[in-house]
Amino acid sequence: MRIERKILNEIINCMPAVPPEAGGIIGGRAGLVCLWEYDAGRPEKGCVYRPNVDVMNGIIAEWIEQDYDFMGIVHVHFGGVSTLSEGDIRYIEKIMKAMPGCMAQLYFPIVVQPNRLMASYIACVNEAGDLTIVKDKIEVI
């Protein structure tokens, strides 16, 4: 994932240091993440991020009108956990199945608290419809 330093810093510094989980969406142009929108999500018990889908879809629509691409969803993990949970994987599968065919790749970065680090995962759907999720290198621009 290629990301502007300013956006990376904003994301890392905006995420809560303690539960509840939060997240947001990332967007950009030409494969570079240069936009993001914070989402406190919907109230939920425990460490679960439930996006405010209606609000986030509205932001995505605005980005598309301005010729930006929706590039993925970011959320926070606590306790230094940088790997995807089973719930994260199920949610990624659901999102990727709902995406139009032209959007066969999205990023799913995790802000790791309390370390204030980021780990990124990329989800891809091939022509046969098979989903692959792999850890991705973060390139800061």
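Residues are termed buried when their relative accessible area is under 20%, exposed when it is over 50%, and partly exposed in between (1.4 Å probe, protein chains only). The structure is a predicted model, in which local features need pLDDT of at least 70 and side-chain atom pairs count only at pLDDT 80 or more, whereas totals for chains, interfaces and linings use all residues. Residues are numbered from 1 along each chain as its sequence is written, and side-chain values use heavy atoms, with hydrogens and water left out. Helices (H or I, at least four residues) and strands (E, at least two) are DSSP runs numbered from the N terminus.

Strand 3 (residues 32-39) is largely enclosed by the rest of the structure, because six of its eight residues are buried. Strands are taken to pair if DSSP finds at least two bridges between them. Strand 3 pairs in the parallel sense with strand 1 (residues 2-3) over two bridges, with R2 opposite L32, while seven bridges join strand 3 to the antiparallel strand 2 (residues 23-29), where G28 stands opposite V33. Two residues lie between the strands in the hairpin of strand 2 and strand 3, in which A30 adopts a positive phi near 50 degrees.

In helix 2 (residues 53-65), the buried residues are M56, I59, I60 and W63. These residues lie on the same side of helix 2, because they cover an arc of only 100 degrees around the axis, the arc being that of the directions from the helix axis to the C-beta atoms. They pack against strand 2, strand 3 and strand 4 (69-77), contact meaning heavy atoms within 4.5 Å. The face turned away from this buried side carries the exposed residues D54, I64 and E65.
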